[in-house]
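Reader: Could you walk me through the aromatic contacts in this one, and then the strands around them?

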Amino acid sequence: MVFALVALTAAVSASGIAYWLNREAVLTRTQDAALGDFRQEMQNRAAALPAEPTAEELQRTAELMAGSSPGYSVLLVQAGKDDRLLFGAAGPDSFGLADVPQSLQKAVNDRQKTTAANDAEYHMYWQRTKPRGNPYLVGGTRIVGGGLTGYMYKSLAQERDDLNALAWSLTIATGLALLGSALLAQAAARTVLKPVQRLGDAARRLGEGELDHRLEVSGTDELADLSHTFNKTAEALEKKVADMSAREESSRRFVADMSHELRTPLTALTAVAEVLEEEVDDLDPMIAPAVALVVSETRRLNDLVENLMEVTRFDAGTARLVLDDVNVADQVTSCIDARAWLDAVELDAERDIVARLDPRRLDVILANLIGNALKHGGSPVRVSVTVEEEWLVIAVQDNGPGIPEEVLPHVFDRFYKASASRPKSDGSGLGLSIAVENAHIHGGDITAANGPGGGALFTLRLPVDVGRVIAGDVDA
């Protein structure tokens, strides 16, 4: 567009100047030729007439002047004895005194004083007019000494047609110049923008994860240097991502192997702890607190290992859903009953809400949310189950002081413990992160906020039909 605008401006300017120069040249040449010939005819023929010529003499002289002229008409005017005007007119155009502008008549008949700078009483004047839309040149002069007055009337139609043809030619030339500039601009832009477009496509593909994509480099210009730089950057990025992925995979494998290896001794420790717990009443009072501590920490360690293995499965992408049609109210009641929370939890749920999801993972989510509310917020914990369009909404609100604003953005972070705001924080710090991962694998989410009446409010949103949502994601 810039090329085209510059070319259009240049072409229009050049064409306008060329038209104006040619117009002035054509009109000036025609005008000078006609006025010069008319002046000569007035000197040779009109000045030779007697002081008081007759109408026949005026007419014959006008015919002689028009016959030898280069295509203009002649009008001779003479005042008679009784102030009656005598006329002689001849030429290709019907020409009368009414066709001469009044301003031109006044200038022609204006007698001037002779001075050193002005040696003639009368001068020749001319004017361009457009009677009835046609261009004409009108000129006039008067014989020195008070003789007759002569006017010439020349059509400029031929010059107008020539100038119109020139204007059309310049217009066509301007159009061709504009077309040529557009083609040239396209060719130039293609050589510049096509490599930039390829670079943009490569950057997009790189952002989409195709780290092995490279640009073909040709030439030695700045774009070639940019392509070289892009390839080097992509190569370094690919290597760095590969190293980070290898380290991450190694870390995940280490955690998984460590958790797996810990399960065997933990099983034995758990069995011993259970035996010790049964015999704690018969033990020495000095030893009983230590045994109780060992039992609680063994269970805590067992929970931590199980949570680590679950997190590892999420990170490795091996976690899978086992979908089933679940009565949500019954599922929540089972979760509460299995953990002996019936006296501390208030449930508000309709009995006919059925959702298609993974019941085991829903139980994990509910156990973490309700257990966290009981541990840190206090009873009674209110659990409400509703359906909003195609979403299952489960809200868990405790009766505690709520969550500080600076803690809210971090409640789902792994190993995060708000010890400054919680009176008791003996968990692993993985419960809520595992809960939100289970929500994500269902295509849902969990949000944390402070309820309007106080207390922490966790809201779980899951699709009513998880299978259809996941199938839609796969198709997309």
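Author: Phe458 is buried, at 3% relative accessible area, where buried means under 20% with a 1.4 Å probe and protein chains only. This is a predicted model, in which local features need pLDDT of at least 70 and side-chain atom pairs count only at pLDDT 80 or more, while totals for chains, interfaces and linings use all residues. Residues are numbered from 1 along each chain as its sequence is written, and side-chain values use heavy atoms, leaving out hydrogens and water.

Reader: How many aromatic pairs are there, by what rule?

Author: The count comes to 4 aromatic pairs, where rings of Phe, Tyr and Trp (its six-membered ring) pair if their centres lie within 6.5 Å, planes under 30 degrees apart being stacked, over 60 edge-to-face and the rest tilted. Phe95 and Tyr153 are stacked, at 4.5 Å centre to centre and 5 degrees between the planes.

Reader: And which residues make up the cluster?

Author: Ring pairs link Phe95, Tyr136 and Tyr153 into a cluster. Tyr153 counts as buried at 2% relative accessibility, and Phe95 does too at 8%.

Reader: Switching to strands, how covered is S12?

Author: Of the 8 residues in S12, 6 are buried, so the strand is mostly covered; strands here are DSSP runs of E with at least two residues, and helices are runs of H or I with at least four, numbered from the N terminus.

Reader: Which strands does S12 pair with?

Author: S10 runs antiparallel to S12 with 7 bridges joining them, and strand S11 (residues 445-450) pairs with S12 in the antiparallel sense over 6 bridges, pairing needing at least two DSSP bridges.

Terms used: Buried means under 20% relative accessible area, exposed over 50%, partly exposed in between (1.4 Å probe, protein chains only).
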